[in-house]
Every structure is written in structure tokens, then in C-alpha cells.
Amino acid sequence: MAKILIDADGCPVVDMTIALAKRFEWPVLLICDTSHEMHRDGAETLTVSKGADAVDFVLVNRVKPDDIVVTQDYGLAAMVLAKRGVPIDQNGRIYDENNIEQLLHGRHVAKKIRQSGGRMKGPKKRQQADNDQFRDSLIGLLQTGKDPL
């Protein structure tokens with residue numbers, strides 16, 4: 001059976017995801033490191049040691065085809081796609097083969113700018129519309145088990 005895996009370190013939609021998963025009878029696994037440890041009713045929690053990308057590697061090793069993965073990490077999303085999972089970000093964007101390369105390239109360019117002393121604008125403040133879009137996209141995935149677009 002497919003499940004939802006959440007890259008739970010700093011994820012703003014954990015509670016909404018669990019509530020929707022319960023409604024559609026999907027199991028949820030939260031994966032976090034020891035500095036972000038959390039437990040929620042309706043979800044299993046797996047806590048891993050702190051370390052660069054520790055959560056990402058544990059998560060990607062657990063992904064099966066058609067699993068939904070909630071993450072804002074483009075690198076993790078690319079690995080999930082390679083394993084035929086369905087990655088979605090906290091704003092409802094569903095990562096796919098049509099957008100992942102551009103997102104990874106943008107991340108690379110931003111890193112180069114920062115390394116050379118440049119500054120990048122941070123993310124904008126989270127709005128209710130972000131939650132609404134996430135909810136709608138996740139419901140579409142949970143109803144069909146695949147990308148609703």
C-alpha cells in the first residue's frame with residue numbers, strides 16, 4: 001500500500017497532511033532528526049541522527065513507487081522521482097520530470113551566487129493561499145494516487 005512520507009524538519013504542513021491522510025486512509029511516516037524530533041497522533045515517527053542530509057537518505061531509501069513525499073528539498077525530490085514516488089512541496093507544487101531540472105539548476109546558480117559573496121532573497125512569508133494550494137494538490141493526489149494535473 002502506498003503511503004505518505006514527510007521530510008518533517010521544518011515542514012509547515014505536517015498537521016494538515018496527517019488530517020487529510022486520515023480522511024483518505026493513507027498511512028503517514030514523519031522522518032525528522034534529533035534536533036527536530038516530533039510526534040503526532042495519526043502518524044508514525046522515525047527519528048534519525050543529526051547530519052547533513054541524514055533525513056533525506058533515510059527517506060529516499062524507504063520510498064516505493066506511488067508513495068507521496070512532502071518535501072521542499074529539490075535534491076530529495078529528484079531522488080524520489082527516480083524511485084517513481086510522487087514528491088510535493090509545502091505550497092502544493094508537484095515535482096515532475098518537467099520541472100525538476102530547472103529547479104535544480106536554479107538551486108545550483110543560487111549556491112554559486114552565495115559562495116561568491118552575493119545575497120539571495122529569502123522565501124516570502126507563508127500565506128493562507130499556500131496552505132489552500134497544498135491542500136488542493138494533496139487531495140488530488142490522495143484521491144487518484146497520482147499527479148492530478
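User: What percentage of the 149 residues in the protein chain is buried?

Analyst: This is a predicted model: local features need pLDDT of at least 70, side-chain atom pairs count only at pLDDT 80 or more, and totals for chains, interfaces and linings use all residues. Residues are numbered from 1 along each chain as its sequence is written, and side-chain values use heavy atoms, leaving out hydrogens and water. A residue is buried under 20% relative accessible area, exposed over 50% and partly exposed in between (1.4 Å probe, protein chains only). Of the 149 residues in the protein chain, the buried ones make up 43%.

User: In what order do the elements of the protein chain run from the N terminus?

Analyst: The protein chain has five helices and five strands. Helices (H or I, at least four residues) and strands (E, at least two) are DSSP runs, numbered from the N terminus. Read from that end, the order is β-α-β-β-α-β-α-β-α-α.

User: Which residues does Val14 contact, leaving aside its neighbours within four places in sequence?

Analyst: Contact means heavy atoms within 4.5 Å. Val14 is one of the buried residues of H1, along with Thr17, Ile18, Leu20 and Ala21. The cover over these buried residues includes E1, E2, E4 and H5. With the close sequence neighbours set aside, the contacts of Val14 are Ile6, Ala8, Leu30, Met38 and Arg40.

User: At roughly what angle do the axes of H1 and H5 cross?

Analyst: Two packed helices are described by the angle between their axes and the distance between the axes. Here axes are lines fitted to C-alpha atoms, for helices over the stretch in contact, and angles run from 0 to 180 degrees between N-to-C directions. The axes of H1 and H5 come within 10 Å, and they cross at roughly 30 degrees.

User: Are H1 and H5 roughly parallel or roughly antiparallel, given a crossing of roughly 30 degrees?

Analyst: Angles under 35 degrees count as roughly parallel, over 145 as roughly antiparallel, 65 to 115 as roughly perpendicular and the rest as oblique. The H1 and H5 axes cross at roughly 30 degrees, so H1 and H5 are roughly parallel.

User: What is the handedness of the crossing of H2 and H3?

Analyst: Helix H2 (residues 54-62) and helix H3 (residues 74-82) have axes that come within 10 Å and cross at roughly 15 degrees. Asp56, Phe57, Leu59 and Val60 in H2 meet Leu76, Met79 and Val80 in H3. A crossing is left-handed if the near helix is turned anticlockwise from the far one by less than a right angle, and right-handed if clockwise. The H2 and H3 crossing is right-handed.

User: How far is the side chain of Asp89 from the backbone nitrogen of Arg93?

Analyst: Asp89 sits in the loop between E5 and helix H4 (100-115), and it counts as buried because its relative accessibility is 3%. A polar contact is a pair of N or O atoms within 3.5 Å; within protein, one must be able to donate a hydrogen and the other to accept it, and residues adjacent in sequence count only if both atoms are side-chain atoms. A polar atom of the Asp89 side chain lies 2.8 Å from the backbone nitrogen of Asn91. To the backbone nitrogen of Arg93, the side chain of Asp89 reaches at 2.8 Å.

User: Is Arg84 buried or exposed?

Analyst: Most residues other than glycine have a negative phi. Arg84 is not a glycine, yet its phi is positive, about 65 degrees. Arg84 lies in the loop between H3 and E5. Because its relative accessibility is 58%, Arg84 counts as exposed.

User: What is the relative accessibility of Asp66?

Analyst: Asp66 also has a positive phi, near 75 degrees, and its place is the loop between H2 and E4. Asp66 counts as partly exposed because its relative accessibility is 43%.
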